[in-house]
Amino acid sequence: FALDHGEERHQSLNLTGSFAKCLGAKKGNLKGLRASYPRYRADLGHIAGLEEVIERCAQKEGVVMENGSYENSAVSLYVASRSNGMPVRIDVSKGPLKEAFERGRRLYHTKSGRLNFACASCHIHNTGKNLRGNTITTPFGDATHFPVYRTRYVLQSLHLRMTECQLDTGAQPLRPGNPAYTDLEVFLTALSNGYPIAVPGA
């Protein structure tokens with residue numbers, strides 16, 4: 001249902017073709033777009049994930065579509081679906097993406113919060129083990145299936161998933177779109193290079 005809703009919202013935002021162009025689609029074609037995010041956006045002056053760009057581009061069309069909201073994630077899901085089966089390809093060997101990758105790697109291994117956990121505490125050292133009703137995932141290929149359906153939030157972007165992890169470990173969560181989350185997104189997406197986009201996931 002979210003996929004269908006995202007398609008409807010995309011079409012309503014893209015009546016003149018300006019929304020898809022703003023997202024970075026070439027000649028309105030969304031194919032491959034998700035596989036190239038996050039990316040450096042000269043118009044924003046920083047690296048941005050797809051959901052941040054959706055928020056900004058919707059704003060240009062006079063629509064509020066906050067990063068982390070159901071509406072934003074539904075559009076992101078639809079855009080991502082147009083790249084299903086295509087491998088993730090982001091180049092973190094140089095420039096701003098390399099810097100973001102290195103910051104994201106440090107954050108991934110930095111402990112914080114009441115439980116003194118890092119992302120790596122679960123997703124490296126306890127991969128495959130059960131945590132209540134969940135099996136802890138590996139970071140390799142994990143970014144390819146977001147946004148995902150989850151019981152608590154119905155539809156969850158990667159940044160919203162990060163806020164949930166921080167809440168679960170007793171750390172202060174950040175808002176979706178925060179540069180620290182984007183750095184983590186770059187790191188996780190680079191670890192997914194070569195893995196195919198596969199949405200919707202659960």
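At 13% relative accessibility, Cys-22 counts as buried, and the structure described here is a predicted model. Cys-22 is bonded to Cys-57 through a disulfide, and a search of the whole structure finds one such link. The briefing below covers the cysteines, the cavity and the nonpolar cores.

**Disulfide**

- The sulfur atoms of Cys-22 and Cys-57 are 2.0 Å apart.
- The link between Cys-22 and Cys-57 is left-handed, with -80 degrees about the S-S bond.
- This pair connects distant parts of the chain, 35 residues apart: Cys-22 belongs to helix H2 (residues 18-23) and Cys-57 to helix H3 (residues 50-60).
- Cys-57 has a relative accessible area of 1% and is therefore classed as buried, the cut-off being under 20%.

- Cys-119 takes part in no disulfide; its nearest cysteine sulfur belongs to Cys-165 and is 6.8 Å away.
- Cys-119 is partly exposed, at a relative accessible area of 28%.
- Cys-165 is likewise in no disulfide, and the cysteine sulfur nearest to it is that of Cys-119.
- With 27% relative accessibility, Cys-165 is also partly exposed.

**Cavity**

- One cavity of 30 Å³ or more is found, and the space in the largest cavity is about 60 Å³.
- Helices H3 and H7 (158-168) are the elements that give two or more residues to the lining of the largest cavity.
- The lining consists of Arg-34, Tyr-37, Leu-50, Glu-51, Phe-146, Leu-158, His-159 and Glu-185.
- By class, four of the lining residues are nonpolar, one is polar and three are charged.

**Nonpolar cores**

- In soluble globular proteins, nonpolar side chains tend to be buried together.
- The largest nonpolar core comprises 20 residues, of which Val-92, Val-186 and Leu-188 touch the most other members.
- Helix H5 (95-108), H7 and helix H8 (179-190) each contribute at least two residues to this core.
- The greatest contribution to this core comes from H8, with six residues.
- Beyond its neighbours within four places in sequence, Val-186 is in contact with Pro-38, Ile-47, Ile-90, Val-92, Leu-97, Ala-100 and Phe-101.
- Another core, of 19 residues, lies apart from the largest one and includes Phe-19, Leu-33, Met-65 and Val-75.

How values were computed: Residues are numbered from 1 along each chain as its sequence is written. This is a predicted model: local features need pLDDT of at least 70, side-chain atom pairs count only at pLDDT 80 or more; totals for chains, interfaces and linings use all residues. Side-chain values use heavy atoms; hydrogens and water are left out. A disulfide is a pair of cysteine sulfur atoms within 2.5 Å. Helices (H or I, at least four residues) and strands (E, at least two) are DSSP runs, numbered from the N terminus. Buried means under 20% relative accessible area, exposed over 50%, partly exposed in between (1.4 Å probe, protein chains only). On a 1 Å grid over the protein atoms alone, a cavity is a set of points where a 1.4 Å probe fits but cannot get out, and a pocket is an open set with protein on both sides within 12 Å along at least five of seven lines; lining residues have an atom within 4 Å of a point. Grid points are joined across faces, edges and corners, and a volume is the space filled by probe spheres set on the points. Ala, Val, Leu, Ile, Met, Phe, Trp, Tyr, Cys and Pro count as nonpolar, Asp, Glu, Lys and Arg as charged, and the others, Gly among them, as polar. A nonpolar core is a set of buried Ala, Val, Leu, Ile, Met, Phe, Trp, Tyr and Cys residues joined through side-chain atoms within 4.5 Å. Contact means heavy atoms within 4.5 Å.
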